[in-house]
Amino acid sequence: MTALELTSRLVSFPSVSSTSNQEITQYLANLLDGWKFQLELIEYRDANQILKQCLIARKGTGSGGLAYFGHTDVVPATIWNGPGEAFEPSIKDGRLYGRGSCDMKGSIACWLTALEDRQHAHLKHPIYVVLTSDEEVGYVGATHVAKKSVLFQEMVEQGVVGIVGEPTHLEVVHAHKGIYAFKAISTGQAAHSSSSQGVSANWAMIPFLAEMKSIYDETSINAKWRNEQFDPPGISWNIVFNDAMTASNVKAEKCLCQVLFRPMPGQSPEELVERARIAAINAGLEFKVRSEFPPLWVDPASPHIKELLMLCEREQTRTVCYGTDGAAFSAIGRLAVIGPGQIEQAHTVHEWISLEQLEKGTQVFGRVLDHYAFN
């Protein structure tokens, strides 16, 4: 099976994060089982009680080795303007279109195709494959794997080299931003705006929003919260809020403010979360932290990074502004993010990956496998 054929098959599974990924996981488990991998399945139910599965597989024994990390969930395709349908992959002008083609089923397909091509080669070090759920909604599956997987703990102890296969156009990424998110909730009492009854939840939210604007201004210009090695160099402090679309003649019963920001290596994001917490308490709001994932950083002078640069035929590493499951897998010190496709193509209404990248991705992953597992 070629990477193109396998990507097309994987795209046909509508594994949106809001649904179960059981079907695609079982398909991949059957592939790896047929290639004599030992399988481990981590299951959980999300907040909506939907079954999610993470697949961890190993082939071979001994020290060292190589691990690949990917995710099987995709973002929704409610609006799709590409050729064909979102989950019916189509080829046009040297591109494969379909939801998840770039992020990141094409990468998974390249890795597995390279593995299949080497099924009869002599394996000298173990190979691990980790395929998670719910990456797109906060690395939920990866967190379960890091906490519960026996094979993951084995990887940590063995000192494997780990490849997070997110789209980097096959460049070697040594660092990416983290993700911190929290929300503040104000509760009032709904009533007609003309009456003396009730109280709008929005009034209590205003002082909190003022502090969020103050933090936004500060982090936009203060060198403490900037790092010129990243593009953009700031933490991207972002807020969204709503009062359930209350009509203008109704006092809002509830108002919600959500904040997400992306800290970089060497920063102290907890400081900003604590400032927000204090502002919420002072305003009488409910405050909840949704996620706290630190940035990924690996020394670009590390031996394994230099080796990966050689194998990927690149001159230097780079950083990226987005996050990956690597934030949850930092216990594996020898990590890097490398994958086919470009992040600008992901999550779009016409998501695609070039056929050239699928071919090159298979070649690059093949060289990485040869270097760390078969030689």
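User: At what angle do the axes of helix H8 and helix H9 cross?
Analyst: This is a predicted model, in which local features need pLDDT of at least 70 and side-chain atom pairs pLDDT 80 or more, while totals for chains, interfaces and linings use all residues. Residues are numbered from 1 along each chain as its sequence is written, and side-chain values use heavy atoms, without hydrogens and water. Helix H8 covers residues 303-312 and helix H9 residues 355-374, as DSSP runs numbered from the N terminus (helices H or I, at least four residues; strands E, at least two). Their axes, which are lines fitted to C-alpha atoms over the stretch in contact, with angles from 0 to 180 degrees between N-to-C directions, come within 9 Å and cross at roughly 135°.

User: How are H8 and H9 placed to each other?
Analyst: The angle between H8 and H9 is roughly 135°. Under 35 degrees counts as roughly parallel, over 145 as roughly antiparallel, 65 to 115 as roughly perpendicular and the rest as oblique. H8 and H9 are therefore oblique.

User: Which residues in H9 does H8 meet?
Analyst: Contact means heavy atoms within 4.5 Å. By class, 7 residues of the contact of H8 with H9 are nonpolar, 2 polar and 2 charged; Asp, Glu, Lys and Arg count as charged, Ala, Val, Leu, Ile, Met, Phe, Trp, Tyr, Cys and Pro as nonpolar, the others, with Gly, as polar. From H8 come His304, Glu307, Leu308, Met310, Leu311 and Cys312, and they meet Val364, Arg367, Val368, His371 and Tyr372.

User: Are H2 and H3 roughly parallel or roughly antiparallel to each other?
Analyst: Helix H2 (residues 22-34) and helix H3 (residues 101-116) have axes 12 Å apart. They pack at an angle of about 10°. H2 and H3 are therefore roughly parallel.

User: How many charged residues are in the contact of H2 with H3?
Analyst: H2 contributes Ile24, Leu28, Leu31 and Leu32. H3 answers with Lys105, Ile108 and Leu112. The classes are 6 nonpolar, no polar and, for charged residues, 1.

User: How far apart are the axes of H3 and H9?
Analyst: H3 and H9 pack at an angle of about 50°. That angle makes H3 oblique to H9. The separation of the axes of H3 and H9 is 8 Å.

User: How many nonpolar residues does the contact of H3 with H9 have?
Analyst: On the H3 side are Gly106, Ser107, Cys110, Trp111, Thr113, Ala114 and Leu115. Gln357, Leu358, Gly361, Thr362, Phe365, Gly366 and Leu369 stand on the H9 side. The contact of H3 with H9 has no charged residues and 7 polar ones, and its nonpolar count is 7.

User: Which residues are closest to the centre of the largest pocket?
Analyst: A pocket is an open set of points on a 1 Å grid where a 1.4 Å probe fits, with protein on both sides within 12 Å along at least five of seven lines; lining residues have an atom within 4 Å of a point. The largest pocket holds about 850 Å³ of space, counted as the space filled by probe spheres on points joined across faces, edges and corners. Of its 32 lining residues, the closest to the centre are Glu135, Glu136, Val137, Gly138 and Tyr139.

User: Which element gives the most to the lining of the largest pocket?
Analyst: The lining of the largest pocket divides into 13 nonpolar, 9 polar and 10 charged residues. With 3 residues, the element that gives the most is E14.

User: What volume does the second largest pocket have?
Analyst: The second largest pocket is lined by 15 residues, with Arg318, Thr319, Val320, Ile343 and Glu344 nearest its centre. Its lining comprises 6 nonpolar, 5 polar and 4 charged residues. The volume of the second largest pocket is about 240 Å³.

User: What is omega for the cis peptide bond that joins Asp231 and Pro232?
Analyst: Pro232 sits in the loop between helix H6 (201-221) and strand E11 (238-242). The bond joining Asp231 to Pro232 is cis, and omega is about 0°.

User: Where is Met104 found?
Analyst: The peptide bond from Asp103 to Met104 is cis, with omega near -10°. Met104 belongs to helix H3.

User: What phi does Asp134 have?
Analyst: Asp134 lies in the loop between strand E6 (127-132) and H4. Although Asp134 is not a glycine, its phi is positive, at about 60°.
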